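Dear colleague,

Please find below the structure I would like to hand over to you.

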Amino acid sequence: MREKVMEILTDLRPDVEFETEKALVSDNVLESFDIIELISRLNNEFDIEISPKELTAVNFDSADAITGLVERLVAEEEE
Amino acid sequence: MEKNVLEWLERAADKYPDRVVYEDTEESITFRELLLEAERIGSALAVRGLSERPVAVMMGRGVHTIAAYLGIVYSGHAYAPIDRTQPSTRIEKILKLLNPEAVLCDEAPEISVDGAEILLYDEIKEHEILQEELERIRHEATDISPLYIIFTSGSSGRPKGVITAHHALMNYIRAYAGMMEIDSSDILCSQSPLDYIAAIRDIYVPLLKGCRTFLSPKEYFMQPGVLFGMMNEKRITCIGWSTSALSVLSRLGAFREGKPEYLKKVCFSGSVMPGRVLREWQEALPEALFVNQYGPTEVTASCTYYRIDHRVEDTESIPAGVPYDNYKVFLLSDDGGRVSPGDTGEICVAGSGLALGYYNDEERTKAAFVQNPLNKVYNEMIYRTGDMGSFRQDGMLEFHGRRDRQIKHMGHRVELDEIECAAMAAEGVAEAAAVYDPVNETIRLFYSGEAVLKDVVVEMRRSLPGFMVPRKVKKLDMLPRLANGKTDLEKLKGLT
């Protein structure tokens, strides 16, 4: 799953080092329209629905955090 | 007669000394504190002796940055805010054009500033107030003295510094605050970066009206729950945001889980508002006033407004509206003649709201700020916006796109050829063409050559602000051509 998330992220922003970046939202590395695109791709790829309350720096500041969010939502979908 | 915006500050500090005027996430400042801080900064700069050169400001998003701007105004200079998060090559270009007297910073900058003195805010903020010197400077100023220089995207990769005088700023702020019915009880929330034209509302309306502005951090606009939570905690009543900020929140589903409860007045500008986005906001805030604004930085933020008086349809196009008080807005045909009623022409603006031109750029100033070709009998300066429009029968201006390749993206005017220049700077790029997809608000870049995609993106990041870097980049064997040899941009727009 992390691999697929990384693929989406790198395609979205080839200039960002997602392996080391830990403040994607807090430091405004991502712009708001990156987030829109990212959510739309994650929703489609993993068949989940990221709700507005999940849109926080904690959930989106790093590739690991994003993977964690996706894993949680996929598990919730399966329940 | 009021002729200097500092008169507003002094009057407000006299009337509401202990009221908070600006607040950020860490601290707040009252009108009196703001006045004293600005006078101290002004005095510190004044003792260095005056030239005509501006003072650049490279500071973060906080209340003291505004105090720095006003301090520079006290010293008789124009202030030039520079976004310190943009790439250093672009900052260097701007500083070269500006040739500032000094650069006021809150931390030592990493870039080189030839010929300008670096001043650290903390080191001059306690300076003794030299009342007589400040009075002398004020006495020598007029209402056409320059107030600020704000940079916008320019073609060929050369940013343009729009220089604006006190009277133009005061003219617009009075018209805006009056139209929005803002009074001392309002609480504004600032979305715009402080170096950008839209911030003049958030900075100067409180000085005129005695109200308060909260400076929202940029990252809140990616976190709708956090943003609305803050707006409710601060009891925000009035916003003047970019259309794209409203549209981003709508696309993120912001209203599914909350809304800004106290918000009564919403103004938006910067690009064409889609009917479905406005409708969603209207449904979430049925009691609120919604206003569309239109106009470029060169006429001091905006020249027309439209107070929306009905629930709009999803596909409705929202007009640019009617001229603000003391603005003259009219159309010219391609050959500089009159346009028949209902026909499309170039939108032109005259009146007190016009900027003084582009700083240190006579060529581009003379091309855009010209004598009204319809007036052969006396000097009448007009600004040719490069935007196309028409007037409806009821007098409403409608916007119909550009004469050239400038686009409006995330609230900013962007020259597509500035983006192409940046891409061409990457090694191994033979040709580059940028096109805009307005439906998805995406800048797309096509290029040919040996360069790998990542290197092209990284190179563009080195010279362009983040919002200008294309998010869809594609390599082609060669770019499609028209019969005349030019790149076929229409064909590129159709490629997926």
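The term pLDDT denotes the predictor's confidence in each residue, on a scale from 0 to 100. It applies here since the model is a predicted one.

Confidence in chain A

The mean pLDDT of chain A is 94, and 100% of its residues score at least 70. Within chain A, confidence is highest in helix H3 of chain A (residues 57-60), at 96, and lowest in helix H2 of chain A (residues 32-46), where the mean is 93.

Domains of chain B

The domain assignment divides chain B into domain 1 (6-307) and domain 2 (412-494). Between the C-alpha centres of domain 1 of chain B and domain 2 of chain B there are 32 Å. Contact between the two involves 13 residues of domain 1 of chain B and 15 residues of domain 2 of chain B. On the side of domain 1 of chain B that touches domain 2 of chain B, nine residues are polar, two are nonpolar and two are charged.

Strand E12 of chain B (residues 265-269) pairs with strand E13 of chain B (residues 289-294) in the parallel sense, over four bridges. Here B:Val266 faces B:Phe290 of E13(B). Together with helix H11 of chain B (residues 275-284), E12(B) and E13(B) form a right-handed β-α-β unit. E13(B) also pairs with strand E14 of chain B (residues 304-307), in the antiparallel sense and again over four bridges. In this pairing, B:Gln293 has B:Tyr305 in E14(B) as its bridge partner.

With kind regards

Note on methods: Residues numbered from 1 in each chain as written. Chains lettered and ligands numbered in written order. Predicted model: local features only at pLDDT ≥ 70, side-chain atom pairs only at ≥ 80, totals over all residues. Domains from an automatic or database assignment. Contact = placed C-beta atoms within 7 Å. Nonpolar A, V, L, I, M, F, W, Y, C, P; charged D, E, K, R; others polar. Helix = DSSP H or I, 4+ residues; strand = E, 2+ residues; numbered from the N terminus. Pairing = 2+ DSSP bridges. Right-handed = clockwise from strand over helix to strand, strands pointing away.
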